[in-house]
Amino acid sequence: MPTPDFVLDLREKIGHDLLWLSGVSAVVLRPGPDGTEEVLLVRRADNGAWTPVTGIIDPGEEPAVAGAREVLEETEVVAVAERLAWVHSLPPMTYANGDRSQYLDLTFRFRWVSGEPGPGDGENSEARWFGVDALPEMSAEMHARIAHALAGEEATRFTA
């Protein structure tokens, strides 16, 4: 997945040291043909995992705008944010090149507006709709993001 220029610039200054980044997860939902909800998922090109659309928030970018931008870039689908569903931090991770990062994830529930999914910008090999009761195999973390977006809560959930 392409690394944003601002991260590359920071890496020139801090090397492989731990970098705190803000990320967004966009759980895009639409009514399915049988009336049940469907969720838009992408298959990542780097590891083959199915996930909601995710990405790094650019400096100064509003998180919901970042989510909509990532959805359009990665899937060719237009969606609008309905609510912030979950805020939590991920454990630190080390990439193959030695770079260390830790992410604050903001998971949003999005509503589909238009477009049929395709692999978009090449970060993913597939993009398609799944019934919420027929999800492909995915990590517990990604299941949790979807579950928080599907919850009928009005308020954002925070992990304590």
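UniProt lists residues 19-154 under "domain: Nudix hydrolase" in an unreviewed entry, in positions that follow the numbering used here, with annotations that may be inferred rather than shown by experiment. The model is predicted, so that local features need pLDDT of at least 70 and side-chain atom pairs count only at pLDDT 80 or more, while totals for chains, interfaces and linings use all residues. Residues are numbered from 1 along each chain as its sequence is written, and side-chain values use heavy atoms, with hydrogens and water left out.

The secondary structure of the protein comprises 3 helices and 9 strands, where helices (H or I, at least four residues) and strands (E, at least two) are DSSP runs numbered from the N terminus. From that end, the elements follow the order α-β-β-β-β-α-β-β-β-β-α-β.

Buried residues, defined by a relative accessible area under 20% with a 1.4 Å probe and protein chains only, make up 41% of the 160 residues. In helix H3 (residues 140-150), the buried residues are Met-142, Arg-145, Ile-146, His-148 and Ala-149. They lie on the same side of H3, because they cover an arc of only 160° around the axis, the arc being that of the directions from the helix axis to the C-beta atoms.

Arg-109, placed in strand S7 (residues 100-114), is also buried, with a relative accessible area of 17%. Contacts (heavy atoms within 4.5 Å) of Arg-109, not counting residues up to four places away in sequence, include Glu-37, Val-80 and Ala-149.

Definitions and conventions. Buried < 20%, exposed > 50% of the residue type's maximum accessible area, 1.4 Å probe, protein only.
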